[in-house]
Amino acid sequence: MTTSSTPSPQLTATGAPRAGGTGTLGGHTVSRIGYGAMQLERLRADRDAAIALLRRAVELGVDHVDTAQFYGNGFVNGVIRDALRPEDGVLIVSKVGADPDPGGTPPLRLAQRPEELRASVEDNLVSLGLDRIPVVNLRRTDTGPGVRAEGGQVVDLDDQLAVMVALRDEGKIGAIGLSAVTPDGLRRALPAGIACVQNAYSLVSREDEELLRLCAEQRIAWVPFFPLGGAIPGLPKVSDAPAVTAAARSLGRTPAQIGLAWLLHHAPNTLLIPGTADAGHLEANIAVGEIELDDATLAALDAVESRSNDIALG
């Protein structure tokens, strides 16, 4: 599952054209359209289908898969371990800062303390079957949506970065990313070497433009989660914007495809990780890389009102 050399920057290790073109993450060349694996948990009752979906993603040019130990309490990581092969050259990105909490609402609990971050990395290594995870995101709680830290889970960023750097020095992780951070938080973290930032961001929730610009200036990959909004109650939905539905009708695409295509056009350092448990939706997501948006369409989409993503859970 580790990244190997590719025959061409435009092709993955398996020889597939790169989905969405070529991007960079943690020093590795990757397709700009990857796969967010959280939705694989929906296929818990049909593990073979989950494995087949990941294999199909690789065939379609995906070589960047985003996961976490708390996705299905290790189930998703196990599927990734069984589905992907070293020769696929897939870059695995995981995250720490929360642990599984089966039966909880949501089914995770914060695990922000340095010793918890280290334990989470170890858990990910075991469930993924890896000696080193190429990129690990530190999931903070500085911005929403999501569970907010309280009490002993309020941990200084410098203390967290110290253990992440130590894990990198030990060879257990390859690069450090950040999630749910502010521009000030990223600036504080820059000396540690940051490969990517994951924040909730979409066409209809663009509060993080300053952070996106900072990432572009520092050549840090921008990997938005909830890229279509609406993933949890209260989040604005990209598909509700009239400019999006109008562009979809004009181009013969779905509103979801337009929302994802806008993200690719909006910033060259953007990498997408849309998730799905459906092969048809997977193919539609990959096809986004073929969508051209002319100046008038981009102007109409850029003019869509941005609304807040800042919703606390739990």
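Where does Ala 180 lie? In this predicted model, Ala 180 sits in the loop that runs between strand E10 (173-179) and helix H5 (183-189). It has a positive phi of about 55°, although it is not a glycine. Ala 180 counts as buried because its relative accessibility is 2%, and the cut-off for buried is under 20%.

Phe 226 is another non-glycine residue with a positive phi, here about 50°. Look for Phe 226 in the loop between strand E12 (221-222) and helix H7 (242-251). With a relative accessible area of 22%, Phe 226 is partly exposed. Here are the two residues side by side.

| Residue | Phi | Relative accessible area |
|---|---|---|
| Ala 180 | about 55° | 2% |
| Phe 226 | about 50° | 22% |

Phe 226 also turns up in the largest pocket, as one of the residues that lie nearest its centre, along with Met 38, Gln 39, Phe 225 and Ala 231. That pocket holds about 1,400 Å³ of space and has 50 lining residues. By class, the lining of the largest pocket splits into 27 nonpolar, 16 polar and seven charged residues. Several elements each put at least two residues into this lining: strands E6, E7 (108-110) and E9 (146-147), plus helices H8 (255-266) and H9 (279-287).

What joins Thr 105 and Pro 106? A cis peptide bond does, with omega at about -5°.

Rolling a probe the size of a water molecule over the atoms shows where empty space is left. How many cavities of 30 Å³ or more does the structure hold? There is one, and the largest cavity has a volume of about 30 Å³. Its lining is made up of Gln 69, Phe 70, Lys 95, Ala 98, Asp 99, Pro 100, Ser 120, Asp 123 and Asn 124. Strand E6 (98-100) and helix H3 are the elements that give two or more residues to that lining. Sorted by class, the cavity lining has three nonpolar, three polar and three charged residues.

H3 has a helix partner too. Helix H3 (residues 114-128) packs against helix H4 (residues 157-169) at an angle of about 35°, and their axes are 9 Å apart. The crossing of H3 past H4 is right-handed. On the H3 side, the contact uses Pro 114, Leu 117, Arg 118 and Val 121; on the H4 side, it uses Asp 159, Gln 160, Val 163, Ala 166 and Leu 167. By class, that contact comes to six nonpolar, one polar and two charged residues.

One last stop is Ser 31. Is Ser 31 buried or exposed? Ser 31 counts as buried because its relative accessibility is 0%. This serine is part of strand E2 (residues 28-31). Leaving out residues up to four places away in sequence, Ser 31 touches Thr 12, Arg 18, Ala 19, Gly 21, Gly 61, Asp 63 and Leu 271. As for His 64, that residue is 33 residues from Ser 31 in sequence, while the C-alpha to C-alpha separation in space is 6.9 Å.

Conventions. Residues are numbered from 1 along each chain as its sequence is written. This is a predicted model: local features need pLDDT of at least 70, side-chain atom pairs count only at pLDDT 80 or more; totals for chains, interfaces and linings use all residues. Side-chain values use heavy atoms; hydrogens and water are left out. Axes are lines fitted to C-alpha atoms, for helices over the stretch in contact, and angles run from 0 to 180 degrees between N-to-C directions. Helices (H or I, at least four residues) and strands (E, at least two) are DSSP runs, numbered from the N terminus. A crossing is left-handed if the near helix is turned anticlockwise from the far one by less than a right angle, and right-handed if clockwise. Contact means heavy atoms within 4.5 Å. Ala, Val, Leu, Ile, Met, Phe, Trp, Tyr, Cys and Pro count as nonpolar, Asp, Glu, Lys and Arg as charged, and the others, Gly among them, as polar. On a 1 Å grid over the protein atoms alone, a cavity is a set of points where a 1.4 Å probe fits but cannot get out, and a pocket is an open set with protein on both sides within 12 Å along at least five of seven lines; lining residues have an atom within 4 Å of a point. Grid points are joined across faces, edges and corners, and a volume is the space filled by probe spheres set on the points. Buried means under 20% relative accessible area, exposed over 50%, partly exposed in between (1.4 Å probe, protein chains only).
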